[in-house]
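Take a look at the sequence and the structure first, then read on.

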Amino acid sequence: MTSPLPTQERPAESPPHLAPSLGRRHAYWHAGVLLAVLLGGLYLARRHWPALESGAGRLAGADQGWLLVGAMAALGTWAASALAQQGAVVRRLPGSRLVAAQFAASAANHLLPAGLGAGAVNLRFLMRCGLPAGRSASALAVKATAGGTVRLALIALLAPACPGLLRPPHLTATVLAVALAGLVLLAALPVTPWWARCRRALSAVLADIRALHGCPARAAALWGGSLAFAALHSLVVIAVTQAVGLPLPPLQVALLYLAASSAAALLPTPGGLGSLDAALALALTVSGAPGAAAASAVLGYRLLTVWLPLLPGLVVLGVLVRRKAL
């Protein structure tokens, strides 16, 4: 006689008397993260207080209509991000939870460098929706690739309309050495133990891209959401510059933002804080904007896209974690 099949073991659950302590531990952890973010913001504010004071004064007298346009565009960026994420996955995702996850991911993105916070949130969300870990990571890579491609395409499209605005960067010996070291590492990758794993990951991403483009609705969502995300962020900057009276045409502002954000991506700081601020302020100033107006424009952009949504985003992140949506 054949022995009965063993019953599937269920994962051990936490005893009921430990649930309150686990809840308090999660609450302490979220409070600690929030405190660290606030302390970091206070440190940056104190370090750059003269520029912040001047920029805040200029924002206080800015055109409220243009600031409202910028706020509406900032709200649209999360919907655009959700659309692009849906386009990177063949399976239908829950719409409301998807948008909430993008809002939470934008807050988490300002806690860890190089987009790791947003990537971790979206990875957990996709896995909670039933996608395997490898497929979820591939979907994030597809979305990131589409976003980068759209950004470069917009720069190439706008550059001829603004001749002479973008200048080739001055390459120092350090930058050339770093670039040469990167090329050497890429050339040596096929002889390393990681080559097989990288090749499998790249094959999975390419397979997903082919599958997505076999579904016109998903391809349109991926590229349309990526285009809308970059365009809406550019619109936020344009609206803020118009609100503070910065004397630059909107197309030039959009091109400067796209170029500055692409350059800031090479320096992995949390949410581009510091790197994007400096790159955008420098680009606006070099293009003829007064220093005070450029500082107030960068401050307004960060206020609408980072600081005002940060606390609500962390609250949404905590709610999603508590409801096991992440």
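A crossing is called right-handed if the near helix is turned clockwise from the far one by less than a right angle, and left-handed if anticlockwise. With that in hand, we can say that α4 passes α5 in a right-handed crossing. Please keep in mind that this is a predicted model.

**The chain as a whole**

The protein chain holds 12 helices and zero strands, so the pattern along the sequence reads α-α-α-α-α-α-α-α-α-α-α-α. Of its 326 residues, 36% are buried. How much of the accessible surface belongs to carbon and sulfur atoms? Their part is 71% of a total of about 18600 Å². As for contacts between residues at least 6 apart in sequence, 75% of them join residues at least 24 apart.

| Pair | Axis distance | Angle | Crossing |
|---|---|---|---|
| α4 (95-108) and α12 (291-322) | within 8 Å | roughly 120° | left-handed |
| α4 and α5 (116-128) | 7 Å | about 155° | right-handed |
| α5 and α6 (133-158) | within 9 Å | roughly 130° | right-handed |

Let us begin with α4 and α12, whose axes cross at roughly 120°. Angles of 65 to 115 degrees count as roughly perpendicular and those over 145 as roughly antiparallel; α4 and α12 are therefore oblique to each other. On the α4 side, the contact is made by A100, A101, F103, A104, A107 and A108. From α12 come P309, L310, P312, G313, L314, V316, L317 and L320. By class, the residues of this contact of α4 with α12 divide into 13 nonpolar, one polar and no charged.

Next comes α4 with α5. How far apart are the axes of α4 and α5? They lie 7 Å apart, with the helices packing at an angle of about 155°, and that makes α4 roughly antiparallel to α5. Here R97, L98, A101, Q102, A105 and A108 of α4 meet G117, A118, V121, N122, F125 and R128 of α5. The contact of α4 with α5 has seven nonpolar, three polar and two charged residues. A101 and A108 are named in the contact of α4 with α12 and in that of α4 with α5.

The last pair is α5 with α6. The axes of α5 and α6 come within 9 Å and cross at roughly 130°, which makes α5 oblique to α6. G119, N122, L123, L126 and M127 of α5 take part, together with A133, S136, A137, A139, L140 and K143 of α6. This contact of α5 with α6 has seven nonpolar, three polar and one charged residues.

G245 sits in the loop between α9 (216-243) and α10 (250-264). Is G245 buried, exposed or partly exposed, and why? Buried means under 20% relative accessible area and exposed over 50%, so G245, at 48%, counts as partly exposed. G245 and A297 are 52 residues apart in sequence, while their C-alpha atoms are 9.3 Å apart in space.

K324 belongs to the segment after α12. Most residues other than glycine have a negative phi. Phi of K324, however, is near 60°, a positive value in a residue other than glycine. K324 is exposed because its relative accessible area is 59%.

Definitions and conventions:
Residues are numbered from 1 along each chain as its sequence is written. This is a predicted model: local features need pLDDT of at least 70, side-chain atom pairs count only at pLDDT 80 or more; totals for chains, interfaces and linings use all residues. Side-chain values use heavy atoms; hydrogens and water are left out. Helices (H or I, at least four residues) and strands (E, at least two) are DSSP runs, numbered from the N terminus. Buried means under 20% relative accessible area, exposed over 50%, partly exposed in between (1.4 Å probe, protein chains only). Contact means heavy atoms within 4.5 Å. Accessible areas come from the Shrake-Rupley method with a 1.4 Å probe; for residues, only the protein chains shown count as cover. Axes are lines fitted to C-alpha atoms, for helices over the stretch in contact, and angles run from 0 to 180 degrees between N-to-C directions. Angles under 35 degrees count as roughly parallel, over 145 as roughly antiparallel, 65 to 115 as roughly perpendicular and the rest as oblique. Ala, Val, Leu, Ile, Met, Phe, Trp, Tyr, Cys and Pro count as nonpolar, Asp, Glu, Lys and Arg as charged, and the others, Gly among them, as polar.
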